[in-house]
Amino acid sequence: MRLGILGGGQLGKMTAMAALQLGYDVVIWSEEALSPAGRATAFEVSGSLEDEAVRVKLASLVDVLTLENEFIPPHLLEWFETHGTPVYPTSATVAKIQDKWRQKQFLAEAGLPVPETMALESLEELRKAPEKLGYPLVLKTRTLGYDGRGTAVVRSPEALAQAVDRLGGLKPGHLMAETYIAFERELAVMVVRDRQGRVLTYPVVETQQPGYICRKVLAPAPISPQDAERARSVAASAVESLRGVGAFGVELFYQPGRVWINEIAPRPHNSGHYSIEACVTSQFENHVRAVTGLSLGSPEMVAPCAVMVNLLGSDHGPVSEDVLVEASALPGVHLHLYGKRLRQPGRKMGHITVLGQSLAEAEARADEAARFIRI
Ligand SMILES: Nc1ncnc2c1ncn2[C@@H]1O[C@H](COP(=O)(O)OP(=O)(O)OP(=O)(O)O)[C@@H](O)[C@H]1O
Ligand SMILES: [Mg+2]
């Protein structure tokens, strides 16, 4: 089996590592050559996917394709499907997810809980948004947002006008607004659905995202079993309604007794990185199993608790391996560096995972380690 992965970042790299462990050949497509995932595998195809010659070459090298982000235009995924290379998740699933506003429309129509949303294309709609949604409200770019780029919480008319400008102005298909949810916590659930439609969910985790970027993940989330069951069931229904194949990260807002879906990522997700060491089968392995037609493995945890902390770039500069010298002195800390050659403030450079008997214990050790590791 030759698995192709569209995208060469850390998610592609960790997916590739799981596929290599199963004995598959892995081909990475990345716009630019020598991507972190491409350097971890023997085969890399680079160049624009808009170029048919690049697609033909890639299709000749793989049996099945998957993706590591939701940004590839669905018509390009469909090209592979109609030329004999299956893509999982399918172009139809990605088309329902790629535009956050359409995604929420789809989920609302499927009867799933989402914040109230509206598309913002005209001055008239901009005027109506605070009337309909109240302040604070949340302004988002409908496509291409990640790590909070493209999200603004707005508390006044002046801030709304500024945020519209900062996020690129009013134009067709570009912005949406939604109700601000005063959540107690943010949760995430990894859902994996195989080609036969069997679904499993990983434990519900808490994600902490100060400044709209994920810093820390606590597994399992410190919520009641009933609330965890509600979150799992909403997440599984969402992926079933999308007929998703592969791993899906379902981000949720939580108040006791209630959850809303924030967004769904059609791929392995930062909130599931802890599963590499903390679960019987990692999200990456189960993603590979799902898209290549194998049975899924158990998502159960092998330790009572786990905490994952992202290592975010502190400033601009080249990455030095000195960080390994420091980090290797820390017992019980699972270190992952993504092999990005340049660091930037806030860029996800790697992560650590610590297992423990309690969340408090694992979190204390993970925080201490993260303070010690400078990148
Ligand atoms: N409706 C909302 N109410 C309250 N907070 C929100 C709302 N929407 C987004 N946020 C906050 O902004 C963060 C980023 O929003 P969102 O997940 O839509 O953007 P993103 O750029 O795709 O994020 P990422 O790539 O990190 O998942 C959320 O995790 C949450 O903390
Ligand atoms: Mg998000």
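Let's start with one pair of residues: V138 has E178 as its bridge partner, and E178 sits in strand 8. This is a predicted model, so please read what follows with that in mind.

**Domains**

- The protein is split into domain 1 (2-87), domain 2 (116-179) and domain 3 (185-372).
- Between the C-alpha centres of domain 1 and domain 2 there is a distance of 34 Å.

**Strands 6, 7 and 8**

- Strand 6 pairs with strand 7 (residues 151-154) in the antiparallel sense, through four bridges.
- Strand 6 also runs antiparallel to strand 8, and five bridges join these two.
- On the strand 7 side, K140 stands opposite T151, and L139 has A152 as its bridge partner.
- In a regular strand, side chains alternate between the two faces of the sheet.
- Strand 7 has a covered face made of A152 and V154, and an uncovered face made of T151 and V153.

**T179 in strand 8**

- T179 has its place in strand 8.
- Is T179 buried or partly exposed? T179 has 17 other C-beta atoms within 10 Å, so it counts as partly exposed.
- Setting aside neighbours within four places in sequence, T179 is in contact with P115, E116, L133 and L137.
- T179 and Q208 are 29 residues apart in sequence, and their C-alpha atoms are 20 Å apart in space.

**Nonpolar cores**

- The largest nonpolar core has 83 residues, and L187, V189, V250, L252, A306 and V354 are those with the most contacts inside it.
- Strand 15 (residues 305-312) gives seven residues to this core, which is the largest share.
- Domain 1 (2-87) and domain 3 (185-372) each contribute at least three residues to this core.
- Not counting residues up to four places away in sequence, L252 touches L187, A188, V189, A231, V259, W260, I261 and N262.
- Another core, of 13 residues, lies apart from the largest one, and W101, L120, A152 and A177 are among its members.

**Backbone details to look at**

- Most residues other than glycine have a negative phi, and most peptide bonds are trans.
- Where are the cis peptide bonds listed here? One joins Y88 and P89, with omega about -5 degrees, and another joins Y135 and P136, with omega about -10 degrees.
- P89 lies in the loop between helix 4 (74-82) and helix 5 (91-97), while P136 has its place in the loop between helix 7 (123-133) and strand 6.
- L34 has a positive phi, near 60 degrees, and is found in the loop between strand 2 (25-30) and helix 2 (36-40).
- L34 is exposed because 12 other C-beta atoms lie within 10 Å of its own.
- L144 has a positive phi as well, near 65 degrees, and is found in the loop between strand 6 and strand 7.
- L144 counts as partly exposed because it has 14 C-beta neighbours inside 10 Å.

Conventions
Residues are numbered from 1 along each chain as its sequence is written. Chains are lettered from A and ligands numbered from 1 in the order in which they are written. This is a predicted model: local features need pLDDT of at least 70, side-chain atom pairs count only at pLDDT 80 or more; totals for chains, interfaces and linings use all residues. Domain bounds come from an automatic or database domain assignment. A nonpolar core is a set of buried Ala, Val, Leu, Ile, Met, Phe, Trp, Tyr and Cys residues joined through C-beta atoms within 7 Å. A residue is buried if 20 or more other C-beta atoms lie within 10 Å of its own, exposed if 12 or fewer, and partly exposed in between; C-beta atoms are placed from the backbone. Two residues are in contact if their C-beta atoms, placed from the backbone, lie within 7 Å. Two strands pair if DSSP finds at least two bridges between them.
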